[in-house]
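Here is a walk through a predicted model with its ligands. Keep the sequence and the structure in view as you read.

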Amino acid sequence: MSVAVLGAGAFGTALAISLARKAPTTLWCRSKDHADEIRSTRENTRRLPGAPLPDALAVTSDIACLGAHDVILLAVPMQKMRGFLTAHQAALSGKTLVACCKGIELDSGLGPVAVLRDTVPEATAALLTGPSFAADIALGLPTALTLACDPDETGKALQATLSTDNLRLYRTTDLTGAEIGGALKNVIAIACGAVIGARLGDSARAALMTRGYAEMQRLALARGARPETLAGLSGFGDLTLTCGSELSRNFRLGLSLGRGEAFDPSITVEGAATARATAKTAQEMGLEMPITQTVTNLLDQRLTISDAADQLLKRPLKEE
Ligand SMILES: NC(=O)C1=CN([C@@H]2O[C@H](COP(=O)(O)OP(=O)(O)OC[C@H]3O[C@@H](n4cnc5c(N)ncnc54)[C@H](O)[C@@H]3O)[C@@H](O)[C@H]2O)C=CC1
Ligand SMILES: O=C(CO)COP(=O)(O)O
């Protein structure tokens, strides 16, 4: 199977570098200038500085490159996916498309797999998700991710193609569980960053991670996901990484909120739109998701951090 990665952001570049160490790979970049720059310096200095490109990685801005590949990794941000897929629908039709983004679409409340199926119905949809920072993957540090695909036979072939010496993929057919875990861990990471930024302590962070996990499970199970998926890399695994590291952009946005500092709006932070979309879905489905709701209120400046903590602590006492 021959692989192309679409989207030369941090994650797309890291995946392409990792895959090219194993077999020739193509990285597509939407801007010709950027593609030329990456090709001439053999480094994506704008998005992933310090990670040299292997010789077997071709870089292009020509979407016709898709013709030569049967597996396409989509590493564009969630809120840009539908527009991107619609624009390139014909070229993507019939391919195996692996969404690599983590989030929920703001307008529709849908995750990446549903958006893929909606816009390119003639493609096979899969999802690559789980705990991994782009820089770690590019450096070849050990990483384990979840590959979600149904049918499992296609999943097995993809697992073999996309696993490398340092990137170990575990397989599931539970696309719903994998995408909800990957999307919601970012919302909880914003909450955790906010409590650390506001100096509310590591105990408060542990409480948020645990109760946040309960929210992730509540929504996922209501949508038909399997509990073991949430307990795996795409759920618990990624929650642990993202809520505990300042390398996470979602966590850093939370830190800024907690400290009352501004945050650069050009940085990709999937959890913000995902929180808003999920708070709406939870309300429509009658699900209790107080942390997600609180993050939305913090982001939209309807609550201060101390009111947010107060509100969560004053909720009626209940069984765990
Ligand atoms: N950076 C990381 O460590 C990881 C990121 N991810 C996920 O990967 C996805 C992408 O994140 P990053 O690569 O980190 O973001 P990034 O901000 O580094 O790059 C985003 C890329 O998408 C491109 N893009 C934006 N709008 C586009 C459009 N309309 N059409 C085509 N391309 C477009 C940009 O040019 C840019 O190259 C996110 O969903 C993120 O959650 C997942 C795991 C790790
Ligand atoms: O998804 C990630 C780690 O698994 C990257 O997290 P951020 O998008 O918060 O940087």
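Start with what a pocket is. On a 1 Å grid over the protein atoms alone, a pocket is an open set of points with protein on both sides within 12 Å along at least five of seven lines, whereas a cavity is a set of points where a 1.4 Å probe fits but cannot get out; lining residues have an atom within 4 Å of a point. A molecule sits in a cavity or pocket if more than half of its atoms lie within 2 Å of its grid points. Ligand 1 sits in the largest pocket. Helices (H or I, at least four residues) and strands (E, at least two) are DSSP runs, numbered from the N terminus.

Some ground rules apply throughout. This is a predicted model, in which local features need pLDDT of at least 70, side-chain atom pairs count only at pLDDT 80 or more, and totals for chains, interfaces and linings use all residues. Residues are numbered from 1 along each chain as its sequence is written, chains are lettered from A and ligands numbered from 1 in the order in which they are written, and side-chain values use heavy atoms, with hydrogens and water left out.

Now look at ligand 1 itself. It has 20 residues around it, and Arg47, Ala134, Arg249, Thr268 and Glu270 come nearest. A residue counts as near if one of its heavy atoms lies within 4 Å of the molecule or strand. The shell divides into 11 nonpolar, three polar and six charged residues. Here Ala, Val, Leu, Ile, Met, Phe, Trp, Tyr, Cys and Pro count as nonpolar, Asp, Glu, Lys and Arg as charged, and the others, Gly among them, as polar.

Which domains hold ligand 1? Domain 1 (3-173) and domain 2 (182-313) both give residues to its shell, so ligand 1 lies between them. The domain bounds come from an automatic or database domain assignment.

Several side chains reach oxygen atoms of ligand 1. For Thr268, an N or O atom of the side chain is 2.5 Å from such an oxygen. For Arg249, a polar side-chain atom lies 2.7 Å away from one. For Arg30, the distance is 3.1 Å. The protein covers 88% of the 820 Å² of accessible area that ligand 1 has on its own. Accessible areas come from the Shrake-Rupley method with a 1.4 Å probe.

Turn to ligand 2. The space it takes is the largest pocket. Of the 13 residues around ligand 2, Lys102, Lys185, Asp238, Ser248 and Asn250 come nearest. Alone, ligand 2 exposes 300 Å², and the protein buries 92% of that.

Helix H11 (233-243) and helix H12 (249-259) each supply at least two residues of this shell. H11 gives the most, with three residues. The shell around ligand 2 holds four nonpolar, five polar and four charged residues. Domain 1 (3-173) and domain 2 (182-313) each provide at least three.

Finish with the backbone. A cis peptide bond joins Asp150 and Pro151, with omega about 15 degrees. Pro151 lies in the loop between strand E7 (143-149) and helix H7 (152-162). Arg199 is not a glycine, yet has a positive phi of about 60 degrees. Arg199 is in the loop between helix H8 (175-197) and helix H9 (202-222).

Key:
Polar contact = N/O pair within 3.5 Å; in protein donor to acceptor, adjacent residues only side chain to side chain.
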